[in-house]
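Notebook open, model loaded. I'm jotting down what I looked up, spot by spot.

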Amino acid sequence: RMAAAPPSYCFVAFPPCSKDGLVVFGKNSARPRDEVQEVVYFAAAEHDPGSKVECTYIEIEQVPKTHAVVLSRPSWLWGAEMGANEHGVCVANEAVVTREPASESEALLGMDLVRLGLERGATAKEALDVIVALLEEHGQGGNYYEDGSSCHTFQSAFLIVDRSEAWVLETSGKYWAAEKITEGVKCICNQLSLTTKIDAEHPELRNYVKSQGWWNGDSDFNFSEVFSLADDHLACCSGRESLEKQGGDVSAQAMIDVLRDKDSGVCVDSESFLTTASIVSVLPQDPSFPCIHYFTGTPDPSRSIFKPFIFVDDVKLVPKVQSPSFGNDDPAKKIPRFQEKPDRRHELYKAHEWARSLLENDQDKGQKLMRIMLDLEKQGLEAMEDILSRTEILDPAEVVDLFYDCVDTELKFFK
């Protein structure tokens, strides 16, 4: 039996379910418990003709221009679990298991495709087109975990969002189908969710599944039924009800509350998996307002705080949420891979470990610290709401240090 896919959750809420003409996006990244996630920014760049880009396992052709991106990623790989670009596109992926075994041979990881979609797509649909074209050309495969003893492989699903629409893209090998969403709430998790509403698909998809004997061509074509293992395609989304209960008021805070909820299972804290990082993005439908992306950069959102990031030129880099770089000596880059595990903890991660032990050993002190932290987060959320309710255009100088200052303040509290 194939290992279960890590139970991450991704959400998007559109008006009328969300507040004031905002699109709200969120993801909890469930990964192996001890894996470190970093938050990294890459500026927009121009690339020489014929240049290549080295992804996690393979090298592919680079494009002439890549967009600025901010990513939350397991620090041993090239791609990302989730992130956003300067054009207000957000992408998150899910590992899924389908009836087709995922390839162990090294190709693009689902997480590489998240970053490639963000770097190359200025709208959600463009990012989708980028991802499926790269799937066709290079395929997906390779180890999803930093594990030298066994290869964990999965197929990929993606939630791709911009200010006006979202796409749920689900894949198996190079085959795929996608559904477009423009209203209400959508949740995806580690199971296939597309059924008969398919708005775009691989041109050979139906012929392929007919040739495999998975569909007779007469009944309605139901992607999850055709591609899932037996009864795997259940309505998986426990967080969706919580969002729908907000009744037209889903805000950044409401999304954060859903991501922090352990009882619903959305905030994963199990023997093998932990929510190692989280993101919430607020995308105003009116393009004169900036998009705001909140990252934790640390595990367990119920014990972390969401810190805002806004794209502006010369945004200040934040080394304190970046893992150390091992260059070509990185065991993830040497063949055979992952023969050892270097210490990838960044400064904020280490400070959180200390705070976590405090929470566990001295409850009074721990809870007091948590209250201070949440108060800090609330100030950030209120300052961002203020930016979104102004009539005048945002002065970039006001937010160039925004994420940097939030991380810095958080570290000072831990000191």
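I start with a term: a polar contact is a pair of N or O atoms within 3.5 Å; within protein, one must be able to donate a hydrogen and the other to accept it, and residues adjacent in sequence count only if both atoms are side-chain atoms. By that rule I find the side chains of Ser278 and Asn28 joined by a polar contact of 2.7 Å.

Housekeeping before I go on. This is a predicted model, where local features need pLDDT of at least 70 and side-chain atom pairs count only at pLDDT 80 or more, while totals for chains, interfaces and linings use all residues. Residues are numbered from 1 along each chain as its sequence is written, and side-chain values use heavy atoms, with hydrogens and water left out.

**Ser278**

I place Ser278 in strand S16, residues 273-284. Helices (H or I, at least four residues) and strands (E, at least two) are DSSP runs, numbered from the N terminus. Is Ser278 buried or exposed? Ser278 is buried, because its relative accessibility is 0%; buried means under 20% relative accessible area, exposed over 50%, and partly exposed in between, with a 1.4 Å probe and protein chains only. For contacts I take heavy atoms within 4.5 Å. Leaving aside neighbours within four places in sequence, Ser278 touches Lys27, Asn28, Met82, Leu259, Tyr294, Phe295, Thr296, Pro301 and Phe306.

**Thr66**

Next I went to Thr66, in strand S7 (residues 65-66). Thr66 has 5% relative accessibility, so I log it as buried. Which side chain does Thr66 meet in a polar contact of 2.8 Å? That partner is His47. Beyond four places in sequence, Thr66 is in contact with Ala44, Ala45, His47 and Glu119.

**Helix H2**

H2 runs over residues 124-138, 15 residues in total, and I get 21 Å from its first C-alpha to its last, close to the 21 Å expected at 1.5 Å a residue. The expected span is 1.5 Å times one less than the number of residues. Its buried residues are Ala124, Ala127, Leu128, Val130, Ile131, Val132, Leu134 and Leu135. What do the buried residues of H2 pack against? I count in strand S6 (59-61), helix H1 (110-120), strand S11 (155-161), strand S12 (166-172) and strand S13 (175-181). Just after H2, Gly139 takes a positive phi of about 75°.

I find Glu183 in the loop between S13 and strand S14 (185-188). Glu183 counts as exposed because its relative accessibility is 57%. Its C-alpha is separated by 39 Å from that of Cys151, 32 residues apart along the chain. Leaving aside neighbours within four places, Glu183 is in contact with Phe14, Pro15 and Pro16.

That sent me to Pro15 and Pro16, which are joined by a cis peptide bond with omega of about 5°. Pro16 is in the loop between strand S1 (9-13) and strand S2 (22-32), and Asp20 is in the loop between S1 and S2 as well. Phi of Asp20 is positive, near 40°. Asp20 is at 66% relative accessibility, so I mark it exposed.

**The S18-H7 loop**

I noted a cis peptide bond between Ile335 and Pro336, with omega of about -5°. Pro336 sits in the loop between strand S18 (307-309) and helix H7 (347-361). Phe338 is found in the loop between S18 and H7 too, with a positive phi near 60°. Phe338 counts as buried because its relative accessible area is 9%.

**Pockets**

On a 1 Å grid over the protein atoms alone, a pocket is an open set of points where a 1.4 Å probe fits, with protein on both sides within 12 Å along at least five of seven lines; lining residues have an atom within 4 Å of a point. The largest pocket has a volume of about 440 Å³. I get 25 lining residues, with Arg73, Ser75, Trp76, Leu77 and Lys333 nearest its centre. Strand S3 (residues 37-42) gives the largest share of that lining, 3 residues.

The second largest pocket has a volume of about 340 Å³. Its lining has 21 residues, and Ser288, Phe289, Pro290, Cys291 and Leu394 lie nearest its centre.

Notes
Grid points are joined across faces, edges and corners, and a volume is the space filled by probe spheres set on the points.
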